[in-house]
Amino acid sequence: MKIKIWGCRGSIPAPSTAEFVTNRYGGNTTCVSISVPGQVLILDAGTGLRNLGLALAEHPGLRATFFFSHVHWDHIQGFPFFLPSFDRDSVFNLYGRSHPQLPNFGGSAVANALLLQQQSLNFPVALDQMGAQMHFFNLVAGQRVELPGTAGVLAVTAGELNHPGSCFGYRIEYRRGGKARSFVFATDTEHGDKANAHLQTLARGADILLYDAQFTPEEYPSYVGWGHSTWVHGLRECAAAGVKRLLLTHHDPLRDDWALARIETDARQEGRKLGIEVDAAREGMEIEL
Ligand SMILES: [Zn+2]
Ligand SMILES: [Zn+2]
């Protein structure tokens, strides 16, 4: 599978300026694509989704499957600007958590959040006027979804993370030629005293863990309860789950390239001691698994 990072900024976009340079790691909020032959899987619809849409628009009639970690703004704001949504031949399956008290689409948090985001006060085109066929599916923690048409070759498992309003992490597994590859998407989660048992279940033996490292260990004590973590805890989760590659994500919007490079250097140094390869995720990064 080919993994590509389209956005890895946390909370709000952080465009580059002359004084505050973010070109290297990028300023768009969370969006990751995973491509296998015949399938495009999209993890979160932050502002990075816009650039993914520009790339995908070259091929009309897109079939894509979205998995949403949660529906905070920084994970949905790219959706109104996703060009394939305006193509009547596009078909999307969209997965995420349900909230039984929500009024529309069987309580799908994703459908309700996207619908509200595109009310006429907020955006000129309503969700149901965009053109693409959209099918919404509710998930519960621990649920495993085998992607239709892949005969179990591509599967996604949801796991509960620790974030205000709740958030899912996902394990994406791809089997080909007798080999299983796995990528774990765990953005927007706060660590506790011990490794997170739910995340450990998702990440056990995975090839790569993409983990929320919004805060430095020094900053974290001022942000307890905000729902985010540090690179130190990313390494701890990797070490406990036997994961050898860590990608840091949800970069703080106040962090420029220079500050992120320092974090990356610190994390790599510690990672080497544990035999874990570390990179800060950056926009445009591609990984073939
Ligand atoms: Zn976020
Ligand atoms: Zn969030």
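Visitor: What spacing do the donors of the zinc ion (ligand 1) follow along the chain?

Guide: The pattern is D-H-x112-D-x61-H. Donors are N, O and S atoms within 2.8 Å of the metal (3.2 Å for Na, K and Ca), and sites may look incomplete as water is not among the atoms. Mind you, this is a predicted model, where local features need pLDDT of at least 70, side-chain atom pairs count only at pLDDT 80 or more, and totals for chains, interfaces and linings use all residues, while side-chain values use heavy atoms, without hydrogens or water. Residues are numbered from 1 along each chain as its sequence is written, with chains lettered from A and ligands numbered from 1 in the order in which they are written.

Visitor: How do you know which residues coordinate the zinc ion (ligand 1)?

Guide: Asp74 (OD), His75 (NE2), Asp188 (OD) and His250 (NE2) sit at 2.1 to 2.3 Å, and the cut-off is 2.8 Å, so they count as donors.

Visitor: Why is the arrangement around the zinc ion (ligand 1) called irregular?

Guide: The 4 donor atoms subtend angles of 89 to 171°. Four donors are tetrahedral if all angles lie between 85 and 135 degrees; four are square planar and six octahedral if opposite donors are over 155 degrees apart and all others between 65 and 115; anything else is irregular.

Visitor: What coordinates both the zinc ion (ligand 1) and the zinc ion (ligand 2)?

Guide: Asp188 does, and the two ions are 3.6 Å apart. Asp74 is in the loop between S4 and S5, and Asp188 in the loop between strand S10 (179–186) and helix H3 (197–203), so this pair ties together parts 114 residues apart in sequence. Helices (H or I, at least four residues) and strands (E, at least two) are DSSP runs, numbered from the N terminus.

Visitor: Why does Asp188 count as buried?

Guide: Buried means under 20% relative accessible area, exposed over 50%, partly exposed in between (1.4 Å probe, protein chains only). Asp188 has 1%, so buried is the word. Asp74, at 5%, is buried as well.

Visitor: Which residues does Phe81 touch, not counting residues up to four places away in sequence?

Guide: Those are Arg50 and Phe123, where contact means heavy atoms within 4.5 Å.

Visitor: Why is Arg255 called buried?

Guide: Arg255 comes out at 8% relative accessibility, so it counts as buried.
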